Each structure stands twice: as structure tokens, then as C-alpha cells.
Amino acid sequence: MRLITKIGEWFDHRLQLAAPIREAAGHPVPRNTASWFYVFGSAALTVFLLQLVTGILLALIYVPSAGEAWSSLQALNHQIALGWFIRAMHGWGSNFMVAIVLIHMVQVFLFGAHKFPRELTWVIGVFLLLMTLGMAFSGQVLRFDQDAYWGLGIGASIASRVPVIGPFAVKLMLGGPIIAGATLSRFFALHVFVIPGLLIGFVSLHVLMVLKLGINEWPMPGRIVRRATYEAEYHALTKKDGEPFVPYAIWKDMFFAAFIILAVAACAFYFGPFGPTGQPDPTIIQTAPKPDYFFLWLYALLSLLPPSLETPFLLIVPPLAILGLILLPFLSGEGEKSWKRRPIAVVTVLMIAITLGTFTRMAQFTPWSPHMNAWSGDPVPDRYIHGTTALERQGALVFQVKQCRNCHSLGNTGGQRGPALDSVAVRLTQDQLIRQVIQGGGNMPAYGNNLSPAETTALVAFLETLHPAAQRPAHDAARELVLSNGQVRTSGTQP
Amino acid sequence: MSTKPVTAPPAEASLSRRGFFMKLGILFNGLAAIILALPVARFLFSSITRGRENGYLSWVRLGDVGNFPEGETRMATFRNPLVMPTDGKTADTACWVRRIAGDQFQVFAINCAHLGCPVRWFPQSGLFMCPCHGGAYYRDGSRASGPPERGLFEYPYKIENGTLTIHAGQLPTPGDPVASLASEKPPCA
């Protein structure tokens with residue numbers, strides 16, 4: 001024991017780190033901050049360290065070459081002992097990290113911790129969030145499969161829309177004229193050197209500031225932050241009601257950190273690694289690329305925005321959102337901290353969460369994407385052709401063969417890009433059906449050039465049978481008037 | 001804690017010998033930084049400058065004209081003119097070749113004019129459909145529906161000794177639709 005003490009003293013005589021560490025560990029924190037609400041920051045740090053370790057392990061096998069990355073991922077999955085598990089840990093760790101960083105941010109905002117004097121801590125936190133998202137995107141690229149390849153194409157297409165510098169930005173991003181070897185190499189450099197290096201630096205600053213400025217006290221309604229008095233009040237609070245951070249508060253951080261690591265491991269074990277999907281071969285086009293979980297909301301947004309709004313939205317809203325986050329602590333640096341007295345803050349968080357959640361949910365089943373194989377894979381349900389005429393059956397064939405099914409569902413199968421047609425005859429009269437098929441409109445292509453008159457007649461005859469048994473199809477009363485030369489027919493048309 | 005040798009602070013206005021050397025040192029380092037920055041910037045931005053100097057585009061052969069029946073649209077693939085040793089399959093590119101009649105062709109980029117996903121040709125309905133965000137185009141490449149703001153990107157083509165050749169070599173994007181710059185008709189349908 002004395003030997004260990006002696007060795008320790010020998011090192012500390014040279015390093016002189018024991019005193020500052022003891023001081024940092026023992027610094028007093030307000031008693032009520034030893035709460036389970038205050039564990040997300042340390043949890044984010046824990047997952048970050050986990051990502052560093054699993055990332056280094058993956059780099060032992062992974063080859064950042066466009067020609068070989070995909071096969072090296074296959075080797076990790078299938079050839080190397082527990083390679084799949086390390087990949088799964090890294091992939092799930094990424095999801096956990098984004099989620100925990102977001103939860104941490106929401107907690108900090110709702111507890112008013114971004115206010116004076118912790119503005120800079122918040123601003124650095126915003127950069128840490130952006131870097132975390134940068135890691136998530138570049139990590140998706142390193143999983144060099146079809147999704148990664150076409151995801152890069154989407155990134156390039158977005159970047160190209162920036163006025164003036166767009167085309168240059170694309171070549172800089174891709175490292176050449178096309179998505180190829182140089183693209184993967186530079187994303188590897190970003191993911192493995194540049195962003196992690198910045199992250200380590202910024203995380204250190206972030207934690208240092210928490211130590212220097214003290215952890216945010218539990219917000220009490222009515223306890224107002226004022227620049228002139230806050231620091232003295234906080235100092236008094238920690239003196240009167242403070243406890244040393246170690247061990248009074250840290251045990252909860254430690255428990256939660258271990259829990260998170262086990263949760264990542266459990267997800268990795270049960271759900272396995274992410275992909276890779278098909279080979280990144282641009283000549284294999286039978287693919288429906290999709291971004292990873294945390295960019296699904298963007299995928300949905302890009303499908304749902306009106307075309308003319310898309311570019312302005314992409315170029316204006318993200319910079320404004322980031323600027324807003326950075327300016328937030330300067331615009332509301334004083335005042336109430338408690339969420340109980342900040343209804344607008346609470347509503348804003350809820351609105352953003354609901355919006356992002358809705359878009360993410362929608363992007364999971366992509367109602368805007370045509371189902372490319374529906375026309376050949378999803379037959380017209382039996383009940384829709386039961387007891388129909390030869391013409392109507394011919395129409396059902398036209399309906400399938402002309403790929404109408406790729407965008408329109410029948411009996412809940414088929415695409416959802418256009419409206420479901422199970423009861424289309426109730427909504428549109430014969431004339432309207434013919435017009436819609438031939439001229440298109442309302443986001444539907446015109447089929448006039450691709451259907452013969454006979455095919456159109458058959459198709460519309462089939463569509464007219466699509467109505468519930470108890471509901472009559474729509475019909476144009478005036479049409480009958482015209483066709484019967486002004487004589488009103490009453491039989492058979494009135495209910 | 002530690003005791004430092006006390007030195008008299010130099011007067012504000014006068015420039016001490018040490019101060020001068022320190023400023024000179026900063027200047028010298030600045031000069032070194034600038035000299036080093038030039039080649040670094042040249043290296044870093046080489047993918048942009050190369051494109052401006054030599055151009056990335058050149059004429060690429062797609063195959064015998066006879067491979068493309070009149071009135072049909074077929075997929076063709078080509079190897080990108082600029083290839084790096086590590087590119088693997090990624091230097092292969094697909095495109096859609098529509099032979100209207102005789103020597104009249106249209107060669108479309110595989111990339112959707114919305115966000116670059118690979119469009120698929122459906123001969124039965126005469127439409128190109130995009131699997132990502134649901135863009136659709138008619139057989140002549142013009143926009144039919146969905147989020148794209150324009151028609152498909154087109155490669156300029158020529159026929160040499162019965163071989164279909166296109167001017168290609170760069171990923172077409174909405175902000176830089178290289179493929180259609182040299183085509184005879186306006187890119188927007």
C-alpha cells in the first residue's frame with residue numbers, strides 16, 4: 001500500500017494533476033442537481049467514448065476504398081469473429097448518441113441552463129449537435145452501400161442548388177466529377193479525423209465550462225436570473241446547500257452511463273448491425289435509397305414541399321435555425337428558468353418534437369414513393385373483378401399493365417402516391433375519369449399519349465365499377481339532359 | 001506559488017529588442033503559413049480547378065447504334081472518362097438511351113432531376129419513375145409529375161461510324177446540369 005502511495009506521489013510530483021482533479025471532483029453542486037434529469041450530458045460523453053473505441057476497432061478491418069469498402073463490411077459481418085457485433089455497437093451507438101444529445105439539449109433548454117452565464121456552453125453545445133449529425137451522415141457514407149451511394153447523390157443535388165458556389169461545392173464534396181473513390185476517402189477523413197478531433201476539443205471545452213461555471217441549479221419558479229446578481233446567488237446557494245459532486249451526484253451519472261452502454265449492447269445483440277444493403281454499383285438501379293433514422297424527417301420534407309419552395313427552404317431554413325439556436329441564450333439570457341413559467345418554450349419544444357416525429361413516421365412508409373413493383377406484384381383483388389363484364393376486366397388489365405397501381409392502391413395494396421381508388425367512382429363521373437386519365441393533372445402524369453381509345457374506354461369502365469355496394473357511382477345529371485336532347489329522363493336516375 | 005525572476009516591464013512606447021524579435025518571429029511564421037497555404041489550398045481544391053482547366057467531360061462510346069431499336073428506350077452503361085485506381089464499380093454509370101428514329105436519339109442521365117436518385121423506365125406506361133420522392137417523366141424526358149422542377153438531364157450525343165457517343169463525365173445535379181448545356185434544345189420542358 002505504501003509502495004502504491006509512493007509511486008503515486010512520484011508521478012504527481014511531476015504531473016501535478018492530483019490537486020486540480022481533487023478540486024474538480026469535490027466542487028460543490030446544489031443538492032437538487034443530483035437528479036436523474038441531469039445525467040444526459042455525461043451519458044452523451046459515455047456514448048461518444050464508446051463510439052471512439054468501437055470506431056477504432058472497426059478501422060482495424062475496414063478499407064476506405066470505393067472498390068473494397070463494401071466487401072470489407074461483408075468481411076466484418078461474416079468473416080471476423082464478432083465483427084458484426086462491433087459494427088452493430090457502432091451503428092446503435094450512433095443512434096443513441098444523436099438521441100441522447102437531443103434529449104440533453106431539450107432538458108438544458110427547459111431547465112433554462114442556457115441562460116447567463118452559461119451562454120457559451122450552450123453555443124458550443126449547438127456546435128456539438130451539428131458535429132454529431134455530421135458524424136451520423138458521414139458514418140452512413142462509410143457504410144458504403146447503395147443507400148450511401150445515392151444518399152451522396154442527394155447531398156450533391158442539395159449542395160448544387162446553392163447560388164453561384166453550388167457546382168464548386170459539389171466537386172469539393174465529391175472530390176471529383178462523380179461519386180467515386182475520392183468521395184469515400186474524404187468522408188473517411190472527415191468521419192475519422194476531422195470531426196472527431198473537433199468533437200474532442202469542443203467536448204473538453206464544454207465540460208470545462210460546466211466545471212468552471214457550475215452545474216445549473218434546479219430551476220425554481222420565481223427565481224429570476226439577473227446578470228448583476230446571478231453569480232453571487234449561485235455561489236451562496238452552493239455554499240449553503242451544496243454537496244461535493246463526487247460522490248454525492250456522480251453515482252447517478254455512473255449508473256446511467258452503465259445502463260446506456262448495456263442498452264446499446266443489447267440493441268446491437270438483438271437487432272444486429274445496419275446493412276450494408278446492396279453493392280454501391282451505380283448501374284444497379286433497382287433500389288429505393290433511404291437515409292438513416294435521424295435524417296428521415298428531411299427525406300419526408302423533401303417529398304412534401306411544393307417544388308418551387310424546396311430550394312429556398314433548403315437554403316434558408318437550416319442556416320436560420322442554426323443561427324436561432326446560437327442566438328437563443330443572448331436573446332433570453334435572463335429571466336425565468338423554470339419551464340413552469342415558460343409556456344412558449346414548452347410549446348416550441350413540443351411543436352418541434354411533434355413535427356419531426358410526424359415527418360419521421362411518414363418517412364418510414366413513404367406514401368409519396370411509387371411502389372415500383374406493384375403493377376406486376378400486387379394483383380387486383382378478386383372481389384373487384386367478380387361479376388364484371390369483359391370490358392371491365394380488360395380495363396382491370398389496362399390498370400395493371402399501365403402501372404397505375406404503382407401510385408394508386410386497391411384493397412390497401414399498391415402505391416400511395418395518388419389517392420386510393422377503391423371508391424373512385426363515387427368521387428368522379430365518367431367524364432371526369434376520362435379527363436383525368438387522358439390529361440392528368442393534380443400531380444398525375446397525362447396518359448393520353450400512352451393509351452389507345454379502346455384502352456381508355458376499358459380502363460374507365462373498370463374504374464366506374466369501383467364504388468361501395470351501398471353507394472351509387474357519381475354521375476353528371478346535366479350530361480343525361482344533353483344526351484337526351486333536352487328531355488328529362490326520370491326513370492332509373494332518381495334514387 | 002512559483003517565483004519568477006522579476007524584470008522591469010518595457011516602456012509602452014519604446015520597442016525593445018526582444019519585442020522586435022517577437023514581432024519579427026510572428027511575421028516570419030505568417031510568411032511560412034502563407035507559403036505553405038498555397039500548395040495546401042491547391043491540393044484541397046484540385047477537384048474544382050481540374051474541372052475548370054481541362055474539363056471533366058469527354059466523348060464516351062455507348063455502343064453500336066444497332067443495339068438500340070427504334071422507338072424504344074434502353075439502359076446503357078459506360079465507364080466514366082476519368083477513373084482513379086480506387087473507384088471500383090463506382091466509375092460505372094448508367095443512362096437511358098431513347099432512339100426516336102434513325103439517327104435521332106435522346107440520352108438521359110440516370111439521375112432524377114430532383115435529388116439524383118436513379119429513375120426507372122416503364123415502357124408500358126411510357127414513364128420514367130423515381131423511387132425516392134416520386135418524380136415522374138414522360139418518354140421524351142419532360143417532367144410529368146412530382147417534385148422535380150425540370151425534365152431529365154440529357155447528354156449531348158453524336159454518331160460516329162455507327163457508334164453512339166455521348167459527352168459525359170460528371171454527375172449532373174439541379175444546380176449544375178452539365179449534361180444538357182450543349183444539347184440543342186432547351187433543357188426545361
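Domain bounds here come from an automatic or database domain assignment. On that basis, chain B of this predicted model is divided into domain 1 (16-55) and domain 2 (56-181). Taken over C-alpha atoms, the centres of domain 1 of chain B and domain 2 of chain B are separated by 43 Å. The points below turn to chain A, its overall form and one helix pair.

**Overall form of chain A**
- Chain A has a secondary structure of 22 helices and four strands.
- Its radius of gyration is 31 Å, whereas the globule rule gives 23 Å for 495 residues; chain A is therefore more spread out than a compact globule.
- Along the principal axes, the C-alpha atoms of chain A fill a box of roughly 110 × 60 × 45 Å.

**Geometry of helix 3 and helix 12 in chain A**
- Two packed helices are described by the angle between their axes and the distance between the axes.
- For helix 3 (residues 40-59) of chain A and helix 12 (residues 250-271) of chain A, the packing angle is about 45 degrees and the axes are 9 Å apart.
- Helix 3 of chain A is therefore oblique to helix 12 of chain A.
- The crossing of helix 3 of chain A past helix 12 of chain A is right-handed.

**Contact between the two helices**
- Helix 3 of chain A contributes Ser42(A), Ala43(A), Thr46(A), Val47(A) and Leu50(A) to the contact.
- These residues meet Asp253(A), Phe256(A), Ala257(A), Ile260(A), Ile261(A) and Val264(A) in helix 12 of chain A.
- By class, the contact of helix 3 of chain A with helix 12 of chain A has eight nonpolar, two polar and one charged residues.

How values were computed:
Residues numbered from 1 in each chain as written. Chains lettered and ligands numbered in written order. Predicted model: local features only at pLDDT ≥ 70, side-chain atom pairs only at ≥ 80, totals over all residues. Axes fitted to C-alpha atoms, helices over the stretch in contact; angles between N-to-C directions. Parallel < 35°, antiparallel > 145°, perpendicular 65-115°, else oblique. Left-handed = near helix turned anticlockwise from the far one by under 90°. Contact = placed C-beta atoms within 7 Å. Nonpolar A, V, L, I, M, F, W, Y, C, P; charged D, E, K, R; others polar. Rg over C-alpha atoms; globule rule 2.2 N^0.38 Å.
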